[in-house]
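Q: I have a model on screen and want to learn how to read its features. Where do we start?

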Amino acid sequence: MASSHFNDTFLKACRGESTPYVPVWYMRQAGRYQPEYRKIRERYSFFEMSEIPEVCAEVTRLPVEQLGVDAAILFADIMTPLKPVGVEVEIRPGVGPVISNPVRTPADVERLGRLEPEEHVPYVLEAIRLLTTEQLNVPLIGFAGAPFTLASYIIEGGPSKNYHQTKGFMYAQPESWQALMDKLGDLTVAYLKAQVAAGAHAVQVFDSWVGALNADDYRTYVAPVMHRIFAEVKEATGVPVICFGIGAGHLLKEWNRLPVDVIGLDWRTSIRQAREMGIDKSLQGNLDPSLLLAPWEMIEAKAKEILDQGKVAPGYIFNLGHGTFPEVRVETLQRLTRFVHEYTRN
Ligand code: 1CP
């Protein structure tokens with residue numbers, strides 16, 4: 001450990017234990033809003049950055065040192081474990097993942113391979129070992145994309161607005177959809193277990209785009225695999241698990257039935273509304289990232305409102321409702337972190 005004091009406020013909040021202040025981290029806290037990140041990114045492609053363990057560890061550590069946040073999140077992408085199983089993907093600046101061999105038929109699903117983490121993504125595990133054995137004094141969050149969200153990229157071939165191809169495949173080829181969910185479920189379980197075995201202290205599963213489904217379809221086509229992923233990861237590792245998605249307020253009751261410790265909220269559903277709906281897990285979120293471009297007084301007022309709702313009960317982690325983005329100033333996130341800590345300190 002870099003320092004003798006390990007800051008475990010984030011882990012305590014995940015488990016619903018009381019903390020001396022509300023812990024905070026930011027989705028996409030490593031990224032283009034940081035001049036240091038942009039400099040490194042000039043020299044490497046996205047995947048090169050995450051495949052060189054020393055570079056990956058440096059980029060993961062940077063926001064912890066720069067912003068004073070209470071957790072680090074591994075620098076990788078939800079597409080990282082799909083590359084070695086046959087998905088030809090690159091990350092295009094300003095676009096996101098682009099796939100040159102999208103999955104369109106049952107035969108394409110058959111062709112997807114099995115993930116052997118030690119063999120296929122040794123660099124991810126090495127970066128985690130570097131970070132957790134010597135470099136970090138805050139918990140490291142490992143992560144994976146959830147099957148629906150991964151399927152949306154590999155079926156559409158890239159980012160999408162309406163997920164027509166993905167949902168079309170799901171409705172028209174339910175057996176092959178099930179096979180795809182099973183394969184992506186196995187991959188996700190293997191990947192998360194390996195990250196924890198390498199040292200990750202908690203894991204977040206990003207089901208960013210599953211809000212595109214209604215609650216009935218979620219129950220039919222997605223909830224079973226999500227249940228299995230969380231149950232198997234919890235059983236094997238015991239670490240806190242977080243489930244996050246965007247525009248998924250109508251699915252919160254479904255998520256509350258999953259064996260997860262923390263539910264990540266986007267900015268559309270307030271902490272109070274979630275509690276009123278009966279959500280009894282720890283909560284994480286949910287300042288609208290666009291607000292980071294507003295005058296400080298507005299950011300502070302909204303942060304206060306969120307914190308007043310969140311700090312009532314233990315089991316609350318401050319975050320954004322989705323990722324930060326290139327136009328945000330480093331100083332804004334530094335100030336926000338300080339504010340969250342000072343405003344909530346007992
Ligand atoms: O700091 C961190 O948060 C850690 C690293 C991280 C994480 C957790 C990255 C690096 N990506 C992710 C998860 C991720 N990737 C998600 C889930 C979270 C979310 O909803 O934002 C998703 C949907 C992706 C897919 C993806 N990768 C997108 C979104 C595209 C779309 O459909 O709108 C983008 C832009 C990427 C590229 C990417 N991943 C990460 C970074 C820093 C970047 C920007 C790339 C660059 O520097 O060129």
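A: Start with two helices. H8 and H9 are roughly perpendicular to each other (65 to 115 degrees; under 35 is roughly parallel, over 145 roughly antiparallel, the rest oblique). This is a predicted model: local features need pLDDT of at least 70, side-chain atom pairs count only at pLDDT 80 or more, and totals for chains, interfaces and linings use all residues. Residues are numbered from 1 along each chain as its sequence is written.

Q: At what angle do the axes of H8 and H9 cross?
A: An axis is a line fitted to C-alpha atoms, for helices over the stretch in contact, and angles run from 0 to 180 degrees between N-to-C directions. Helices (H or I, at least four residues) and strands (E, at least two) are DSSP runs, numbered from the N terminus. Here H8 spans residues 147-156 and H9 residues 164-172. Their axes cross at roughly 105° and come within 8 Å.

Q: Which residues in H8 and H9 meet?
A: Contact requires C-beta atoms, placed from the backbone, within 7 Å. H8 brings Ala151, Ser152, Ile155 and Glu156; H9 brings Gln165, Thr166 and Phe169. By class, this contact has 3 nonpolar, 3 polar and 1 charged residues.

Q: Which residues come nearest to the ligand?
A: A residue counts as near if its C-beta atom, placed from the backbone, lies within 6 Å. Of the 21 residues around the ligand, the nearest are Ala30, Gly96, Pro159, Phe206 and Ser208.

Q: Where is the cis peptide bond?
A: Check omega. From glycine 285 to asparagine 286 the bond is cis, with omega near -10°. Asparagine 286 belongs to strand S8, residues 282-287.

Q: What is the phi of arginine 28?
A: Near 60°, a positive value in a residue other than glycine. Arginine 28 sits in the loop between helix H1 (9-14) and helix H2 (35-43).

Q: What does the chain average in pLDDT?
A: pLDDT is the predictor's confidence in each residue, from 0 to 100. The chain averages 96, and 99% of the residues score at least 70. The model scores ipTM 0.94 and pTM 0.97.

How values were computed
Two residues are in contact if their C-beta atoms, placed from the backbone, lie within 7 Å. Ala, Val, Leu, Ile, Met, Phe, Trp, Tyr, Cys and Pro count as nonpolar, Asp, Glu, Lys and Arg as charged, and the others, Gly among them, as polar.
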